[in-house]
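Dear colleague,

Please look through the sequence and the coordinates first; an account of what was found follows them.

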Amino acid sequence: MAVDLLTGGLTLPEATRPGGDSGEAEAGSGGGAPAPVPGVAARRHLAPEDLAVLVRTNRRALAVQRALHAAGVPAVIQRGGSVFETAEAEAVTRLLAAMLRPSSQRDAVAAAATPLFGRSAAELAAQLAAVEEDAAAAPAGTGDGGQGGPTDGPDRIGIGTAGRWEAWIDALTRWGELWQRRGVLAAVQTALVEDQVPARLLAADDGDRRLTNVRHLLELLHEEETTSGSAGHTLLEWLRARRAAAEDGEQATAATELRLEQDAAAVRIVTIHGSKGLQYPVVLCPDLWDGRDRTDERLTRYHEPGVEDPGTAITLDVDVDTASPGKQRSLALARFEARTEQLRLAYVALTRAQHRSVVWWGPFTDAATSALASLLHGHAVERGGDGHGDGAEGTAAWLERIAGHVAELEDGQLVGELQALAAGSGGSIELEVVDAIASGVSWTPPGRVHASLNARPSVRRLDRSWRRTSFSALVRDASAGAAHRAGDAAAAWATDLTVDQGRDVDDEVEALDATLVGPALADATARSPQDTAEDEREVPLARFPRGPGPGTFLHDVLERLDFLRAGQPGHLDQVIAAQEQRHGIDPALRPAVRVGLGAALTPPLGSVADGARLADLPAADRLDELRFELPIAGGARPHGRAFTLSEVGAVLATSSDPLVAAYADRLRDPALAPGVRGFLTGSIDLLARLPDGRFLVVDYKSNWFGDRSSERSVAADYRPERLEQAMFGHHYVLQGLLYLVAAHRYLRWRLPGYEPDRHLAGAGYLFLRGMVGLPQAQTGIAVLRPGGRLIEELSGLLDGRRS
C-alpha cells in the first residue's frame with residue numbers, strides 16, 4: 001500500500017508537511033511534479049516523509065520496517081522514552097567502567113559481552129581459560145603474546161586465544177588513556193571505529209536504531225563533560241544516576257528523548273500510544289482489525305457499573321464456572337472494558353491523519369471483536385431490545401451482538417455493508433477491494449538533478465608565519481620535522497595535535513612525552529652501580545596513573561593547596577578530594593597522592609633557590625598559573641624578522657649554564673621550525689618569590705620514569721643527571737627559557753627597580769613523582785640558570801630585534 005500511494009500520483013498542498021495544516025489529498029496524473037496553475041495553490045507529490053504507519057506494538061513496528069525496507073521504502077521507527085532506558089545505555093556504561101579499570105576482569109568481560117563488541121560467552125571463556133593455562137605453564141614475566149586484536153574477524157578462538165584477550169585489555173587501556181587526554185567522545189569514538197562497532201550494529205534489523213542511541217549517548221556524555229567538568233569516575237557515576245532516574249520513571253526531556261534513527265525523508269512507524277498529539281499527512285493503520293480477546297476467564301477483572309468509589313469499583317470474579325449467569329455477566333463487562341479501550345485506540349489512530357487514513361479490514365481471525373467491527377458494521381445491528389438499556393451492560397450486549405453478526409457474514413455480505421457505509425459518507429470513505437496481495441513490489445525514489453559545485457579559488461597570499469603559538473606548538477614543529485626527516489611516520493602522526501588554547505599543561509606537553517623517548521632517555525632510566533638503597537626504593541606516585549589527565553589533576557591540587565597548611569590534618573586531603581571529583585580520579589588513590597605530594601613540598605628546590613622549599617612559600621609569595629600572551633615580532637602589527645628556533649640556538653650557545661649551552665645544538669638546524677610572528681601564549685605553573693627576594697619560575701612535571709617491563713619506578717630514576725637527559729629529550733630547556741622571558745617581561749612591568757640578574761633566579765623543574773622528600777637527595781629536581789643577559793637577548797629575539 002505504501003508503494004501504491006507513493007507511485008499513484010497522489011498530491012498534497014505544497015505547504016503541507018508532517019504536523020502541518022490539514023487539507024485534502026487528491027489523485028494527480030503521475031509523472032513529474034504538478035505544473036503550477038495561476039490562482040491555484042501549488043501542490044506536490046506524496047513523499048515517504050508524508051506517511052505514518054500506526055501499530056500496536058514495537059515488535060509489529062519492526063516487522064513493518066523490514067517490509068518497507070524490502071520494498072525500497074525508507075522507514076524509521078519513532079519511539080518515545082528516554083535514551084537512558086535503552087540497552088545501549090547499559091552497554092556504554094559497561095564500556096566506560098572497563099576503560100577506567102581495564103585490570104578488572106569482571107568489567108572487561110562485561111564490556112566485551114555487550115552488543116557493541118559482540119563477544120560470545122564461549123569465546124570469552126576460551127580466552128580466559130587460555131590466559132590461565134599460559135600463566136600456569138609459562139615462567140614469570142613471559143606470555144603467549146598472541147596475535148590479532150579486538151578487531152580480528154569472527155574466528156577469534158583458536159591459535160593465539162590468550163593473546164586476543166590481552167589485546168582486548170590493551171585496547172581498553174589505550175582507550176582509557178585517550179579519555180583522560182582528549183575526552184570521552186574521542187575515546188569512545190576511537191573504540192567504535194577500531195572494533196568496527198557500527199558495522200556490527202547495522203547488521204541487525206534495528207541496527208540504525210541502536211547506532212543512533214549510541215551516538216546520542218555520546219553527545220550527552222560529551223556535553224556533561226564539557227559543561228560541568230566531570231571526567232572519569234565522576235562522569236560514569238553521572239551516567240549511572242541518569243539511567244536509574246529514567247528507570248524510576250523520570251520523564252524524558254527534549255535532549256534525552258529517543259531520536260529518529262535517520263534524518264533522511266522516511267516513513268514514520270509509531271505505536272498508537274506514541275502517536276497521541278501528533279499529526280501526519282497520510283496515516284496507515286494495518287492492524288486495527290485485531291480484536292483478540294485477552295480476557296482472563298478464570299480471574300476476571302472489571303469495574304462494577306454505577307459504583308463511583310475507585311476503591312470499591314474494581315471487581316475480581318474468581319468463579320471458574322464460565323456458564324453461570326454471574327460469570328457470564330462478569331465476562332461481558334470485562335470484554336466491554338477491553339473493547340472500550342480498543343475504541344479509544346482506534347479513535348487516536350483514525351484522528352492522526354491530516355488528509356487520509358488507510359485501514360485494512362476483512363473476515364480475519366479475531367476481527368469480529370475489534371473496534372473496527374463496531375465502527376464499520378454497528379449500523380447494521382439494532383441497538384436495544386435486550387432488556388439491558390443503554391448503560392454499560394446494554395452497550396456490552398450490543399457489542400457482543402455486533403461480534404456475532406460480523407462473524408456470520410459471508411465475504412459478499414461484508415463488502416455490501418461496507419459499500420452501504422461508504423455510500424452514506426458523502427465521499428469521505430472510499431472502499432477498495434484487494435483481490436490478491438501483491439508481491440515483489442518496490443519503490444524507486446524519483447531522480448534528482450544536482451548542480452555541479454566548484455570551490456572558489458583562493459587568490460590571497462597568506463602569511464603563514466603569523467599565528468598564535470606556544471611552547472608545545474613549537475615542539476610539535478620541531479618533532480614533526482625530525483620525524484619526517486627520519487622517516488618515522490608514527491612519530492610524525494603523534495605530533496599532529498590540536499593547538500593549545502593558552503596553557504601548556506602538560507595536557508599537550510605530556511602527550512608529546514611518549515613520542516619523544518629516544519636513546520638518550522632510555523639511557524637516563526638505566527640503573528647505576530652507585531645507586532643506594534634509598535635511591536632504589538619505589539617512589540610514592542609510582543603506581544599513580546600516567547597521562548595528561550592525571551598530570552593535570554596533580555597540577556590543580558598544587559595550584560589550590562596552601563603550602564604552609566599542607567601539614568595540618570585534613571587540609572591536603574580536602575584539596576585532593578575536591579579535584580578527584582573534577583578529574584575523575586579514583587578516591588582509592590588518595591593515600592598515594594597524599595604521600596607523594598606531601599613529600600614534594602619538603603626537599604630544597606636545588607641550587608637555584610638557595611635551600612628554599614615549596615613548604616616555605618606563603619600564598620602572598622605565589623603567582624599560580626600565570627598566563628601570558630607575548631607579542632612576537634610586533635604581535636598584531638608584525639614588524640622586524642620572524643622568530644626562529646635556530647636563532648635561539650645561537651643565543652643559547654653563549655650561556656654560562658652548561659645544560660643550556662649543551663641544548664643549543666638541538667636548535668641550530670634551520671629546518672626545525674619555520675619563522676613565527678604573532679603571539680606566544682602559555683601558562684607558568686608557579687612564579688615564586690623566594691625568601692631572598694628573587695623570583696623562581698617553577699614548572700610541575702608528572703612524567704613517569706622507570707622500568708616499563710616491571711612497572712617499577714624508583715628514586716634513582718629521577719636523579720639530576722638523568723633528568724638532564726629528560727630536559728633535552730622533551731625540550732623542557734626551551735620551555736623554561738620561554739617562560740623565563742615571560743616572567744622577565746612581567747617583572748619588568750610590575751617590579752620597581754627590576755634588574756634581571758638580581759631578581760630573576762632561574763627555572764626549577766619539579767618532577768613530582770621523583771621528589772621523595774629526602775633532604776640530601778636532590779631527586780626529581782632540574783634547574784636552569786641562564787643568566788639575566790641571555791633572557792634579555794631572547795626577549796629581543798621575540799620582539800623581532802637582532803643585536
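A salt bridge is a side-chain nitrogen of Lys or Arg within 4 Å of a carboxyl oxygen of Asp or Glu. Please bear in mind that this is a predicted model.

Salt bridges

By that criterion, Glu793 forms a salt bridge with Arg789, and their closest N and O atoms are 3.2 Å apart. Both residues belong to helix 28 (residues 788-799), where four residues, about one turn of the helix, separate Glu793 from Arg789. Glu793 has a relative accessibility of 28% and therefore counts as partly exposed. Arg789 counts as partly exposed too, because its relative accessibility is 47%.

How many salt bridges does a search of the whole structure find? The search finds 31.

Arg292 pairs with Asp366, with 3.9 Å between the closest N and O atoms. Arg292 lies in the loop between strand 7 (280-285) and strand 8 (300-303), whereas Asp366 lies in the loop between strand 10 (353-359) and helix 13 (371-377); the two residues are 74 residues apart. Arg292 is partly exposed, because its relative accessibility is 43%. For Asp366 the value is 32%, so Asp366 is likewise partly exposed.

A further salt bridge is formed by Asp692 and Arg694, whose closest N and O atoms are 2.8 Å apart. Arg694 stands at 13%, and because buried means under 20% relative accessible area, Arg694 counts as buried.

Packing of helix 3 and helix 10

Helix 3 (residues 87-100) packs with helix 10 (residues 232-247) at an angle of about 160 degrees, and their axes are 10 Å apart. Since angles over 145 degrees count as roughly antiparallel, the two helices are therefore roughly antiparallel to each other. Their crossing is left-handed.

Which residues meet in this contact? Helix 3 contributes Ala89, Glu90, Val92, Thr93, Leu96, Ala97 and Leu100. Helix 10 contributes Gly232, His233, Leu236, Leu239, Arg240 and Arg243.

With kind regards

Definitions and conventions
Residues numbered from 1 in each chain as written. Predicted model: local features only at pLDDT ≥ 70, side-chain atom pairs only at ≥ 80, totals over all residues. Heavy atoms only, no water. Axes fitted to C-alpha atoms, helices over the stretch in contact; angles between N-to-C directions. Parallel < 35°, antiparallel > 145°, perpendicular 65-115°, else oblique. Left-handed = near helix turned anticlockwise from the far one by under 90°. Contact = heavy atoms within 4.5 Å. Buried < 20%, exposed > 50% of the residue type's maximum accessible area, 1.4 Å probe, protein only.
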